[in-house]
Amino acid sequence: MPELPEVETIRRGLEKYLVGKRFLKLHILCEKSFRGDPALVEGSEITAFERRGKALLIRLSNGLTIMAHLRMTGQMIYDGTERFAAGHPDESFREKMPGRFTRIYADLDDGSHLYFNDLRKFGFWAVMDELSLATDKFLTSLGPEPWDMKPGEFYEMLGRHAGSPVKAVILNQHNIAGVGNIYADEGCFYAGILPWRKCGSLSRKESDKLLEGLCKVMQASIDSGGSTMRDYVRADGTRGNYLEKFASVFRREGQECPRCGGEILKTRTAGRGTHYCGGCQK
DNA sequence: CTAGGATCCTGTCAGC
DNA sequence: TGCTGACAGGATCCTA
């Protein structure tokens with residue numbers, strides 16, 4: 001679930017709370033969720049949090065890196081003097097930690113904890129050295145970050161997939177990094193194009209608008225704390241609520257289009273639930 | 001090479 | 001209440 005804005009929200013949160021702290025012990029509650037030897041990271045200090053697409057990189061003082069990917073249902077929960085939780089938006093992280101869906105957790109040297117919850121077990125943490133990072137198949141084949149892409153480059157990329165639906169192409173991480181199901185739908189809405197249009201049918205103007213839309217909707221989501229962030233410091237339960245505040249079509253089927261007043265519809269494209277306005281997307 | 005579908009896994013929800 | 005199938009904010013692998 002977490003897409004680029006959610007992972008960036010997690011990155012910023014964990015950076016604030018965890019840089020400078022040391023992993024004392026890792027508890028692997030689900031073998032499938034952890035790749036490598038957890039003992040390799042125990043005793044090392046966290047030096048930085050980075051992000052590439054939807055992948056989170058936890059840099060360590062011993063030169064190793066933990067690559068974390070949350071896939072569909074991953075969550076990161078930091079529990080110390082303050083609590084920070086972000087990722088998949090279900091209520092399970094209100095439970096006591098470690099909880100039903102905790103797959104990995106870490107004891108930090110100041111007594112705080114970091115939990116990785118993941119209902120469906122698609123996500124993982126992987127311990128990697130410089131070489132394995134530099135040759136990692138996922139990372140090396142990742143397309144550019146959306147805001148690093150020039151309009152002409154984006155248009156050329158679409159041209160290389162002229163026969164494929166726009167949505168399938170922007171969801172493919174090889175083509176552009178970080179776009180997931182929410183922002184694919186929102187980006188298409190912004191550009192006024194139907195998600196199943198073949199890439200080859202887009203004008204240069206529509207292509208430009210689509211890239212602009214992807215950048216804008218994802219930036220707006222980052223600015224609002226991601227669509228899923230909960231900040232337990234605030235006892236009122238306020239949450240990052242991109243979906244409630246800014247989403248125009250995603251999970252809004254049956255509602256009115258904010259742009260033309262038409263009806264928001266839902267169908268299936270590229271194997272995914274797809275939301276669009278039947279009135280103003282062509 | 002592309003496109004489409006199945007698959008990993010577990011829970012929730014709608015419809016009998 | 002209990003069962004069944006569809007679906008889920010991702011990515012990979014397989015087939016045609």
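Ser-201 is partly exposed in this predicted model, because 13 other C-beta atoms lie within 10 Å; by the convention used here, 20 or more other C-beta atoms within 10 Å of a residue's own make it buried, 12 or fewer make it exposed, and counts in between make it partly exposed, with C-beta atoms placed from the backbone. Ser-201 sits in the loop between helix 6 (181-191) and helix 7, where helices (H or I, at least four residues) and strands (E, at least two) are DSSP runs numbered from the N terminus. From Ser-201 to Pro-165 the C-alpha to C-alpha distance is 9.7 Å, although the two residues are 36 apart in sequence. This is a predicted model, in which local features need pLDDT of at least 70 and side-chain atom pairs count only at pLDDT 80 or more, while totals for chains, interfaces and linings use all residues. Residues are numbered from 1 along each chain as its sequence is written, and chains are lettered from A and ligands numbered from 1 in the order in which they are written.

Arg-160 belongs to the loop between helix 4 (151-159) and helix 5 (166-171), and it is exposed because 11 other C-beta atoms lie within 10 Å. Lys-121 belongs to the loop between strand 9 (113-118) and strand 10 (124-128), and its phi is near 65°, a positive value in a residue other than glycine. Lys-121 is partly exposed, with 15 other C-beta atoms within 10 Å.

A positive phi, of about 55°, also occurs at Ala-270, which is not a glycine; Ala-270 lies in the loop between strand 12 (264-269) and strand 13 (272-277). With 18 C-beta neighbours inside 10 Å, Ala-270 is partly exposed. Another backbone feature is the cis peptide bond between Met-97 and Pro-98, with omega about -5°, and Pro-98 is in the loop between strand 7 (83-87) and strand 8 (102-108).

Returning to the helices, helix 6 and helix 7 pack with their axes 8 Å apart at an angle of about 130°, axes being lines fitted to C-alpha atoms, for helices over the stretch in contact, and angles running from 0 to 180 degrees between N-to-C directions. Helix 6 is therefore oblique to helix 7, given that angles under 35 degrees count as roughly parallel, over 145 as roughly antiparallel, 65 to 115 as roughly perpendicular and the rest as oblique. The contact of helix 6 with helix 7 has eight nonpolar, two polar and four charged residues.

Helix 1 (residues 4-18) and helix 7 (residues 204-223) have axes that come within 9 Å and cross at roughly 30°, so these two helices are roughly parallel to each other.

Note on methods:
Nonpolar A, V, L, I, M, F, W, Y, C, P; charged D, E, K, R; others polar.
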